[in-house]
Amino acid sequence: MGVLEDNKVTLKNGNTKEIKDLFKNEVLLSCNIKGLHPRANNNNAMSWCEKNPIIKKTTGKVINKWKETIKNYMMINNKLKISLDSIILFKDDEGITSWGYSKSLRKGYFLLNDNYEFEVIKTIKRI
């Protein structure tokens, strides 16, 4: 469950690297969201939503990597490959930011990019 290993993530220094090439304790870009504890469990995160959340740039370390085989995934904007059951932060077409399952994403929704801006979802392909 998650982001596929050939996706690129942004490191603290601004460079990008494929997930499969990351190593333990490598520092990545991350974010803190006001009103949501950084280590909130899935139940707390899934019940959180806000119209204009305050999202601050921070970093996080790679703690573990898991590998599993999946047959079905989504390709978003021809660059993000994600499993159907991943929990992801998004903004809907009414401007509400929340956490939800990736399979609920729709064209016209928005995802947070590595510039800490919400980028519109233009294409979603199920593979």
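The model is predicted, so local features need pLDDT of at least 70 and side-chain atom pairs count only at pLDDT 80 or more, while totals for chains, interfaces and linings use all residues. Residues are numbered from 1 along each chain as its sequence is written, and side-chain values use heavy atoms, leaving out hydrogens and water.

**Stop 1: lysine 79**

Select lysine 79, in the loop between β6 (73-76) and β7 (80-83). Strands are DSSP runs of E with at least two residues, helices are runs of H or I with at least four, and both are numbered from the N terminus. Is lysine 79 buried or exposed? Lysine 79 is exposed, because its relative accessible area is 52% and exposed means over 50%, buried under 20% and partly exposed in between (1.4 Å probe, protein chains only).

Lysine 65 and lysine 79 lie 14 residues apart in sequence, and their C-alpha atoms are 20 Å apart in space.

**Stop 2: what lysine 79 touches**

Leaving aside residues up to four places away in sequence, lysine 79 touches Asn7 and Glu119. Contact here means heavy atoms within 4.5 Å.

Select glutamate 119 next. Its closest N and O atoms to lysine 79 are 2.8 Å apart, and the two residues form a salt bridge. The term means a side-chain nitrogen of Lys or Arg within 4 Å of a carboxyl oxygen of Asp or Glu. Side chains of opposite charge can pair when their charged atoms come close.

This pair links distant parts of the chain: glutamate 119 sits in strand β11 (residues 118-120) and lysine 79 in the loop between β6 and β7, 40 residues apart. Glutamate 119 counts as partly exposed because its relative accessibility is 26%.

**Stop 3: aspartate 6 and lysine 81**

Another one of them joins aspartate 6 to lysine 81, with the closest N and O atoms 2.7 Å apart. Aspartate 6 is in the segment before β1 (8-10), lysine 81 is in strand β7, and 75 residues separate these distant parts of the chain.

**Stop 4: glutamate 18 and lysine 20**

Finish with glutamate 18. Which residue forms a salt bridge with glutamate 18? The partner is lysine 20, and the closest N and O atoms are 3.2 Å apart. Glutamate 18 is partly exposed, with a relative accessible area of 23%; lysine 20 is also partly exposed, at 43%.
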